[in-house]
Amino acid sequence: MESLFSLQAITEILSTSLRLSVPLVFAALAGVLSERSGVFNIALEGKILAGAFGAAFGAFLMEDPYSGLVVGMLFGMMAGSILAVLGVTFGVNQIVTGIAINIFVLGITAFLSRIVFGAQANTLRLPGFKAFDFPGLSSIPVVGPVLFGQDLMVYLMFICVGAVFLFLYRTPWGLAVRAVGENPSAVDSAGLSVTKLRYGCVIAAGALAALGGCYLVLSQVFLFSEHMSAGKGFIALAAVILGRWNPVGALCACLLFGFFDALQLRLQFNYQDVPHQFFLMLPYLISILALVGLVGKPRPPAAVGRHYRREAK
Amino acid sequence: MSAYKLSLEGISKSFGAVTANDRVTLRVRPGTVHAVLGENGAGKSTLMNVLYGLYRPDEGRILIDGRDVVIDSPRAALAAGIGMVHQHFMLVGQLTVTENIVLGMKGQGLKLDLASHRRKIAKLSQSFGFEIDPTADVMKLPIGMQQRVEILKLIYQNAEILILDEPTSVLTPNETGPFFELLERLKSAGKTILFITHKLEEVMAIADDVTVMQGGKVKASLAKSETDPASLARTMVGRDVLFQVKRSAHSTGEPVLRLADVSANNARGLKALDRVTFEIRAGEVFGIAGVDGNGQAELAEVISGLRPVESGRIHVSDTDVTQASISDRARRFGVAYVPEDRHRDGLVLDESVAQNMILRTYNRRPFARFGFFDRSAIRDHAERLASAFAVRLQSVDQEVRYLSGGNQQKVILARELEGAPRVLVVAQPTKGLDVGAIEFVQQQILAQRDRGVAVLYISTELEHLLDVCDRVGVLFRGKLMDTIGSDDATPERVGLLMAGVAA
């Protein structure tokens, strides 16, 4: 049995860490964007799943992964629109709306998957993205294979982190988004539309979270299976908090969770006489520990989850 | 060019059956401070919200420089050069001064160029003597500074007409003077200022013209030079107002409330009261003056039982109540408490007036029998109290949220005074109230004194304290600085103590 500390093993663990983090990062970015605008987004889970189904659907019909990507994002935006309409326009409790979306997506994707893929659902091999090596760079030990031997969506993920960061902190619209999550009346009074800002963020968040689902289908398993999001949306929610509603913080938190997930897989493999459930707990244990106090008291955007209505008599 | 910078012509606005503005006409000369004076509920805020595009008027026209304008959103108001500083500031505490000022500005392109905005804001701030650091986080600024940020924001966005809604309500007496100087500077820079207030002395101090509103209508519109405080007050309230609450001669009895070396911590665990010692006799009003945040809130809470003492003793008559529970203090020892924050500590806003009036006694007969409410007893009780304290309401089943500030304060007073207390602690009882309500509250306090109650009256409004109190003590950083008989207590002398200068 190979040591846990060989160069080979470390490279593999880190590489797996990154791959396991990707769906989390996309979903966490969605969470950051939506919660920064003041809309609580417990529906990340459902949006990942919607994205996954969309990706499978698109790739299946058009036989090409890029169509899968586009359709997946569209499905995620549709799920986001439900949250926007109910939570922002009608002021329905955002947590209840989020739970409803999660359950709805779970049901409808399972149903549609049987219609679309039928009996071949579990044997299908959809077209997907392949890893490609950056010539030269990928032969650097450890770093090379981990960072420069991945597929398109991993690089897209890093681009998205940078883009969300720049948007939030370097553009006038990002300033408005940060403000609307803290004090929507200030934004309203400054002559901006609270509703439009929140719609924009929530729908864009739908697309981002859906990319996490696209990754699962187009880069990892090449088929759609029911409830394949498997709680990733909720881990991402924890990463949003741990990352302090900052895109880079969220990236780090997701990498941390991804690392422990990869580690536990490896430990399962290395210590087969220990019940595997014991190792399975590890990422969740870490996320709980991380949230309960390793890093001080988080301060969410002040207006998150609260419906905004102009004061009226 | 019109003679008026801004005119509102015949503005009406109703909410359901309630007419908040009834054919209101307001004409403002350029480069002046124009006060809009009226009691709470006179329709000032509605009018300003119409002008700022938050409400659509049912009828009427708005003209700027003699030209008709349509203002249907805050954005349209800003574009027309109208800016508003709301009573509750529209600032985002977590953002910096610069970010707050730039928020929502048009024509910024894709990239947020904070550095160049910061330089321009610093320069503008300097030219008006605002002394604002554009890089500071807004929530770390004192409230007076935040107000300046709001004003700076409007000037930076080129507002010509500034609406200031009750701007002095957040300022200490010492800050008001500099604030008025700032308004003068704005005026000489050509800005037109609409100053919403219910305080007469402010109108006399700063306004050029004044429009008085009552019950949604304009009662008078005149130059300040044509009027005086007494006639303004009469116009605003609709009757004569006593300016000096008369303190009749009276004698005091035995000491009722005694604090000996009381120390206590604030919510953050820091020392808030430092060995405070005083006694109040039966039939005496003892005032506590001081700048807000020097231990006043903690003092009131220590006596009412909401906050434990770190050391020292509290006696009511001869009983040591230091360890007594809140309800024991209220019921057995007769300590009544009118808290500073009516909405947080004094009332349950979503409950009815009747329910709020039994918060102290809800579990006792006649209101509760065998664990169930007796609703008719509760209603009768509430109706009796409401008429005794002249609470204006539609029904005692109405949620207390929908009463005006003055009537909410009456509900609390009615509840607290009902049990014939021996000690009455009132914290900032006149905050945010209009003249009529202030007069009522002060008369109630004096009536309690004449009944032989020991009253502790905490306030940052020095004039109100001096009107009512027999003796005044000053809190400074948790220490009781000195105690002065009210005949010797001039604003100057108390003011020095408030600043921590011992006599």
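# Close-up views of a predicted two-chain model

**Figure 1. Helix 9 against strands of chain B.** Helix 9 (residues 296-304) of chain B lies across strand 11, strand 12 and strand 14 of chain B, and runs at about 60 degrees to strand 12 of chain B. The model is predicted. An open sheet of four strands in chain B, paired antiparallel, has the order 12-11-14-15. Its edges are strand 12 (271-281) and strand 15 (319-320) of chain B, each of which pairs on one side only. Strand 11 (residues 255-265) and strand 14 (residues 311-316) of chain B run antiparallel and are joined by five bridges. Within strand 14 of chain B, B:Ser311 is the residue that stands opposite B:Ser263.

**Figure 2. Strand 1 of chain B and its partners.** Seven bridges pair strand 1 of chain B with strand 2 (residues 18-28) of chain B in the antiparallel sense. One bridge partner of B:Ile11 is B:Val24 in strand 2 of chain B. The two strands form a hairpin with two residues between them, and B:Gly16 in the turn has a positive phi of about 60 degrees. Strand 1 (residues 6-15) of chain B also pairs with strand 4 (residues 59-64) of chain B, again in the antiparallel sense, over five bridges. Here B:Glu9 stands opposite B:Arg61 in strand 4 of chain B. In a regular strand the side chains alternate between the two faces of the sheet.

**Figure 3. Helix 1 of chain B.** Helix 1 (residues 44-51) of chain B is largely enclosed by the rest of the structure, because eight of its eight residues are buried. The buried residues include B:Lys44, B:Ser45, B:Thr46 and B:Asn49, along with B:Leu47, B:Met48, B:Val50 and B:Leu51. B:Gly53, which follows helix 1 of chain B, has a positive phi near 85 degrees.

**Figure 4. Helix 5 of chain B and its packing.** Helix 5 (residues 143-156) of chain B has 14 residues and reaches 20 Å from its first C-alpha to its last, close to the 20 Å expected at 1.5 Å a residue. Its buried residues are B:Gln147, B:Arg148, B:Val149, B:Glu150, B:Ile151, B:Leu152, B:Lys153, B:Leu154 and B:Ile155. After helix 5 of chain B comes B:Asn158, with a positive phi near 65 degrees.

Figure 5. Most residues other than glycine have a negative phi, and most peptide bonds are trans. B:Glu166 is not a glycine, yet has a positive phi of about 45 degrees. B:Glu166 is found in the loop between strand 7 and helix 6 (173-188) of chain B. It counts as buried because 20 C-beta neighbours lie inside 10 Å. B:Arg477, also not a glycine, has a positive phi of about 45 degrees. Its place is in the loop between strand 21 (471-476) and strand 22 (479-485) of chain B. With 15 other C-beta atoms within 10 Å, B:Arg477 is partly exposed.

Figure 6. The peptide bond from B:Arg365 to B:Pro366 is cis, with omega near 5 degrees. B:Pro366 has its place in the loop between helix 12 (353-356) and strand 17 (368-369) of chain B. B:Pro366 has 12 other C-beta atoms within 10 Å and is therefore exposed. Leaving aside residues up to four places away in sequence, B:Pro366 touches B:Asp374 and B:Ala377. B:Phe286 is 80 residues from B:Pro366 in sequence and 35 Å from it in space, C-alpha to C-alpha.

**Figure 7. The side of chain A that touches chain B.** The contact takes 19 residues from chain A and 21 residues from chain B. On the chain A side, the elements that give two or more residues are helix 7 (172-182) and helix 8 (184-189) of chain A. Helix 7 of chain A gives the largest share, six residues. The chain A residues in this contact divide into eight nonpolar, five polar and six charged.

Definitions and conventions:
Residues are numbered from 1 along each chain as its sequence is written. Chains are lettered from A and ligands numbered from 1 in the order in which they are written. This is a predicted model: local features need pLDDT of at least 70, side-chain atom pairs count only at pLDDT 80 or more; totals for chains, interfaces and linings use all residues. The expected span of a helix is 1.5 Å times one less than its number of residues. Two residues are in contact if their C-beta atoms, placed from the backbone, lie within 7 Å. Two strands pair if DSSP finds at least two bridges between them. Axes are lines fitted to C-alpha atoms, for helices over the stretch in contact, and angles run from 0 to 180 degrees between N-to-C directions. Ala, Val, Leu, Ile, Met, Phe, Trp, Tyr, Cys and Pro count as nonpolar, Asp, Glu, Lys and Arg as charged, and the others, Gly among them, as polar.
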